[in-house]
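Here's a quick tour of the ring contacts in this one. Have a look at the model first, then read on.

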Amino acid sequence: MKKVIKISCIVLGIVLVAALAIFIFVPGIFTYHKVKKEYQYIDRTIGTFDGFDVDIPKDFVAYTKDGITVMGPEDARYNSDLLPFKSDYLNVIVSVLDDETYGDAYFDEYSKYLKKDYLHFFKKLGIDPPQTSYENVKMLRNLTSKDCLKLRGKDKKVFLEYAETKETVEKVETISYYEKDGIKGFFTEMSSAGAKKMKYSYALWLFHNEKQYIVHAYSSDKETAMQILSTVEIE
């Protein structure tokens with residue numbers, strides 16, 4: 001009996017030592033398993049958009065606003081700066097916003113922790129703090145579960161904040177890199193859950209001269225939405 005107890009103690013000791021070693025060298029292992037279990041999209045990263053393989057219809061007309069031009073069907077032309085094209089089968093929304101987070105994109109009044117906490121988090125991951133909204137989106141959408149494995153303390157809390165935010169946005173849209181004429185941004189495909197007529201929903205989200213240019217195309221026809229977005233030009 002004593003021999004059994006002795007062997008059991010040795011085995012238990014080995015297990016405890018192994019568990020301690022894992023915790024020392026992989027302190028974020030429990031956080032890793034948490035996000036893998038709770039966040040379906042934690043390991044989805046930004047894809048690459050292949051481009052628009054469409055021809056521009058001859059009946060398309062141009063609309064220009066604050067340095068951005070987009071074309072759409074003439075019969076859908078609508079007298080609105082926000083909604084230049086509208087019909088029973090199509091809505092096109094154009095937004096031009098000042099990039100107010102330029103130079104400090106990772107921190108604002110809604111952040112849960114102190115600025116120094118985020119700076120420490122980025123340093124621990126070996127990445128530069130995002131200086132623009134574009135860089136901030138890249139950072140967030142390219143975080144994966146493995147990034148938390150070597151994190152401790154407040155760094156793990158910051159990671160969980162980002163993981164929750166990422167899950168929220170990934171549920172409603174997928175995102176790919178997009179670049180045209182040296183202007184970088186993203187092509188996004190939004191969830192069409194619940195949509196009846198306009199079940200196709202795409203957008204270009206571009207960053208230039210400290211501004212954000214966003215064109216959404218909602219359509220009952222995928223090709224029409226793609227044709228419209230393929231015409232987007234920024235001065």
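## Rings and confidence

Phe121 is buried, at 0% relative accessibility (buried means under 20% relative accessible area, with a 1.4 Å probe and protein chains only). This is a predicted model, where local features need pLDDT of at least 70, side-chain atom pairs count only at pLDDT 80 or more, and totals for chains, interfaces and linings use all residues. Residues are numbered from 1 along each chain as its sequence is written, and side-chain values use heavy atoms, leaving out hydrogens and water.

A search of the whole structure turns up 19 aromatic pairs; rings of Phe, Tyr and Trp (its six-membered ring) pair if their centres lie within 6.5 Å, with planes under 30 degrees apart counted as stacked, over 60 as edge-to-face and the rest as tilted. Here are two of them:

| Pair | Centre to centre | Angle between planes | Type |
|---|---|---|---|
| Phe121 and Tyr162 | 5.7 Å | 40° | tilted |
| Phe186 and Phe207 | 5.9 Å | 85° | edge-to-face |

Phe186 sits in strand β7 and Phe207 in strand β8, so their pair ties together parts 21 residues apart in sequence. Strands are DSSP runs of E, at least two residues long, and helices are runs of H or I, at least four, numbered from the N terminus. Phe186 is buried at 0%, and Phe207 is buried too, at 11%.

Confidence is lowest in helix α1 (residues 2-25), at a mean of 44.

Terms used: pLDDT is the predictor's confidence in each residue, from 0 to 100. Buried means under 20% relative accessible area, exposed over 50%, partly exposed in between (1.4 Å probe, protein chains only).
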